[in-house]
Amino acid sequence: MTTRRRDESGSALVELTWLAIILLVPLVWVVISVFEVQQGAFATSAAARAAGRAYALAPDDATGEARAQAVVRQVLADQGTPNQRARVSVTCESPAGSCHTGTSVITVRVDSGVELPFFPAILGGGRASFSLDATHTVPIGQYVESAGEDSDEETDP
């Protein structure tokens with residue numbers, strides 16, 4: 001009985017190709033996902049900081065809330081994540097009833113999330129997301145100009 005030797009030249013190239021596909025595709029997905037989460041984290045942090053400043057510079061609490069919401073949307077769009085969902089909450093520690101009086105401390109928290117790209121629907125039935133949050137605290141100084149009583153008076157030229 002004669003046995004024929006099988007020529008295996010070229011099979012290493014095929015095996016290497018399949019191994020590269022099996023290992024590189026998940027690795028590329030992980031790297032892209034990490035970059036997306038990092039971009040979302042930077043955007044959320046910048047949004048919290050800008051919202052805190054917008055709220056603190058507003059003349060009253062209602063205007064501050066509206067400006068904080070608008071600034072968060074604008075900052076997320078500027079950072080390249082216009083569809084990133086975000087929820088803004090503002091808390092205030094104030095000796096008076098208004099957050100815009102001296103010695104108040106305004107804390108803005110932005111909760112958001114980033115959807116992971118190319119997540120296979122077969123694994124979970126929906127898009128996978130990564131939850132993010134950022135907090136920024138803005139102290140209001142003791143000596144703050146307040147609008148109100150003196151705003152109707154005329155000023156000397």
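This is a predicted model: local features need pLDDT of at least 70, side-chain atom pairs count only at pLDDT 80 or more; totals for chains, interfaces and linings use all residues.
Three strands form an open sheet in the order E1-E2-E3, and their pairing is antiparallel. Strand E1 (86-93) and strand E3 (129-139) are the edge strands, each of which pairs on one side only. From one strand to the next, the twist averages 15°.

### Strand pairing

Strand E2, which covers residues 105-115, is joined to E3 by 11 bridges, the two strands running antiparallel. Within this pairing, Ser 112 has Leu 132 in E3 as its bridge partner. E1 and E2 also run antiparallel, and 8 bridges join them. Here Val 88 stands opposite Val 110 in E2.

### Helices and overall architecture

Read from the N terminus, the elements of the protein chain follow the sequence α-α-β-β-α-β, for a total of 3 helices and 3 strands. Helix H1 spans residues 11-57. 

How does H1 relate to the three strands? Returning to the pairing of E2 with E3, which is made by 11 bridges, H1 packs on the sheet and touches E1, E2 and E3, its direction making about 30° with that of E3. Helix H2 (residues 61-78) likewise packs on the sheet, where it touches E1 and E2, and its direction makes about 140° with that of E1.

In the protein chain, contacts with a separation of 6 or more are made to 61% by residues 24 or more positions apart. Of the 157 residues in the protein chain, 24% are buried.

### Charged side chains across the strands

| Salt bridge | N to O distance |
|---|---|
| Arg 87 and Asp 111 | 2.9 Å |
| Arg 109 and Asp 111 | 2.9 Å |
| Arg 109 and Asp 133 | 3.7 Å |

The side chains of Arg 87 and Asp 111 meet at 2.9 Å. Because Arg 87 lies in strand E1 and Asp 111 in strand E2, this pair ties together parts that are 24 residues apart in sequence. Is Asp 111 buried or exposed? Asp 111 is buried, its relative accessible area being 16%, whereas Arg 87 counts as exposed at 54% relative accessibility.

Asp 111 also forms a salt bridge with Arg 109, with 2.9 Å between the closest N and O atoms, and Arg 109 counts as partly exposed at 34% relative accessibility. The side chain of Arg 109 meets that of Asp 133 in a further salt bridge, at 3.7 Å from N to O. Arg 109 lies in strand E2 and Asp 133 in strand E3, so this pair ties together parts that are 24 residues apart in sequence. Asp 133 counts as partly exposed, at 45% relative accessibility. Through salt bridges that share partners, Arg 87, Arg 109, Asp 111 and Asp 133 are joined into one network.

### Surface

The protein chain has an accessible surface of about 11500 Å², and carbon and sulfur atoms account for 56% of that surface. Which residues make the nonpolar surface patch of about 840 Å²? The patch is made by Leu 24, Leu 27, Val 28, Val 30, Val 31, Ile 32, Val 34, Phe 35 and Phe 118. Leu 24, one of these residues, lies in helix H1 and is partly exposed, with a relative accessible area of 47%.

Definitions and conventions:
Residues are numbered from 1 along each chain as its sequence is written. Side-chain values use heavy atoms; hydrogens and water are left out. Helices (H or I, at least four residues) and strands (E, at least two) are DSSP runs, numbered from the N terminus. Buried means under 20% relative accessible area, exposed over 50%, partly exposed in between (1.4 Å probe, protein chains only). Contact means heavy atoms within 4.5 Å. Accessible areas come from the Shrake-Rupley method with a 1.4 Å probe; for residues, only the protein chains shown count as cover. Patches are made of residues with over 30% relative accessible area and no salt bridge: like charges are joined within 9 Å, nonpolar side chains (Val, Leu, Ile, Met, Phe, Trp, Tyr) within 5 Å. A salt bridge is a side-chain nitrogen of Lys or Arg within 4 Å of a carboxyl oxygen of Asp or Glu. Two strands pair if DSSP finds at least two bridges between them. Axes are lines fitted to C-alpha atoms, for helices over the stretch in contact, and angles run from 0 to 180 degrees between N-to-C directions.
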